[in-house]
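User: I have a model open and want to learn to read its side chains. Take me through it feature by feature.

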Amino acid sequence: MTDTVSFGYEDVAPHEKTARVGEVFHNVASRYDVMNDAMSAGMHRVWKDVFVRRVKPRKGEQILDMAGGTGDIAFRMKPSGASITVADINPAMLEVGMQRAAERGLDGLVWTEANAETLSFPDRFFDAYTIAFGIRNVTDVPKALREAHRVLRRGGRFYCLEFSTTLWPGFADVYDAYSHKLVPKLGKLIANDEDSYRYLIESIRRFPDMASFKAMIEESGFTETRVEPMLGGLVAIHSGWKT
Ligand code: SAM
């Protein structure tokens, strides 16, 4: 790993990124769900629905929802009858997730604090690994991808939903202006936290483009890797198999 990593538009030491990302999600946890709706005009719900349709969770499967936060992906997969473990590095996000699960009467989900880079699960344990809007916040992405590969059984599948770079030129300009100017203001208005939302937008800009991230997934051992862009790649689903 290099000496510095990106924290939004800043370059910081790896341990500093982990700590500052921790602060961001600690700060936003209680307003996270409201802000997701406000920032994406509710579209994150559609992206997550499509994502879970691609994952196709099945009864009896063991699925790890990494960086699962407040449970949006796990809640969508639960009706399938799969056994789902929600793992996240941030206890504040997990706490909100557990409260939401209780409010919805959803029991049987396993909630656990874990860093995607160093998982304590055994090798070849899970049938599927999902990570939604989480990977760009991880300090050492290749290490997290290698861990994903390790904990999947042979024939297991990897699915990642993440912001990327839209290839629609006009739309890219509009989105750029919206995200840099308006999102931090929305963060201030709704969550009284401009800086955390500035980081979230900047971290999208610094994340590798679709082709580069696909190559990283391949380098960590996955095969048959695919990218499904949405809105020209504003958001993308990357997937791969462990063979
Ligand atoms: N997956 C949820 C969703 O789609 O709503 C939450 C996404 S939220 C934008 C990003 C999550 O990544 C946060 O809950 C954060 O704590 C988690 N995260 C950041 N770094 C992590 C790491 N190294 N390991 C595990 N989780 C991490």
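**Burial and aromatic pairs**

Analyst: Phenylalanine 51 counts as buried, at 0% relative accessibility. Buried means under 20% relative accessible area, exposed means over 50%, and partly exposed lies in between (1.4 Å probe, protein chains only). The model is predicted: local features need pLDDT of at least 70, side-chain atom pairs count only at pLDDT 80 or more, and totals for chains, interfaces and linings use all residues. Residues are numbered from 1 along each chain as its sequence is written, and side-chain values use heavy atoms, with hydrogens and water left out.

User: How many aromatic pairs are there by the rule?

Analyst: Rings of Phe, Tyr and Trp (its six-membered ring) pair if their centres lie within 6.5 Å; planes under 30 degrees apart are stacked, over 60 edge-to-face, the rest tilted. By this rule the count is 13 aromatic pairs. Take tryptophan 47 and phenylalanine 163: the ring centres are 5.9 Å apart and the planes sit at 85°, so the pair is edge-to-face. Tryptophan 47 is in helix α3 (residues 43-55) and phenylalanine 163 in strand β7 (residues 152-163), 116 residues apart, which makes this a link between distant parts of the chain. Helices (H or I, at least four residues) and strands (E, at least two) are DSSP runs, numbered from the N terminus.

User: Tryptophan 47 and phenylalanine 163: buried or exposed?

Analyst: Tryptophan 47 is buried at 7% relative accessibility. Phenylalanine 163 is buried too, with a relative accessible area of 16%. A further edge-to-face pair is phenylalanine 51 with tyrosine 159: 6.4 Å centre to centre, 80° between the planes. Here too distant parts of the chain are linked: phenylalanine 51 is in helix α3, tyrosine 159 in strand β7, 108 residues apart. Tyrosine 159 is buried, at a relative accessible area of 12%. Ring pairs also join Trp47, Phe133 and Phe163 into a cluster.

User: Next, charges. How many salt bridges does the structure hold?

Analyst: A salt bridge needs a side-chain nitrogen of Lys or Arg within 4 Å of a carboxyl oxygen of Asp or Glu. The structure holds 20. Aspartate 123 and arginine 150 form one of them, at 2.7 Å from N to O. Aspartate 123 is in the loop between β5 (110-113) and β6, and arginine 150 is in helix α6, 27 residues apart. Aspartate 123 is partly exposed at 43%; arginine 150 is partly exposed at 22%.

Analyst: Another joins aspartate 127 to arginine 153, at 2.4 Å from N to O. Aspartate 127 lies in strand β6 and arginine 153 in strand β7, so the pair ties together parts 26 residues apart in sequence. Aspartate 127 is buried at 13%, whereas arginine 153 is partly exposed at 30%.

User: How far from aspartate 88 is the nearest side chain of opposite charge?

Analyst: Lys and Arg count as positive, Asp and Glu as negative; His and the chain ends are not counted. Aspartate 88 is in strand β4 (residues 83-88). Aspartate 88 is buried yet has no salt bridge, and the nearest side chain of opposite charge, arginine 100, is 11 Å away.

User: What lies 2.9 Å from a polar atom of the aspartate 88 side chain?

Analyst: A polar contact is a pair of N or O atoms within 3.5 Å; within protein, one must be able to donate a hydrogen and the other to accept it, and residues adjacent in sequence count only if both atoms are side-chain atoms. The backbone nitrogen of glycine 69 lies 2.9 Å from a polar atom of the aspartate 88 side chain. An oxygen atom of the ligand is 2.6 Å from an N or O atom of that aspartate 88 side chain.

User: Which residues are closest to the ligand?

Analyst: A residue is near a molecule if one of its heavy atoms lies within 4 Å of it. By that count 20 residues surround the ligand, the closest being Tyr32, Ala67, Asp88, Ala116 and Ala132. A ligand oxygen atom is 2.9 Å from an N or O atom in the side chain of tyrosine 32. A ligand nitrogen atom is 2.9 Å from a polar backbone atom of alanine 116. Alanine 67 has a phi near 55°, a positive value in a residue other than glycine. Alanine 67 lies in the loop between β3 and α4 (72-77).
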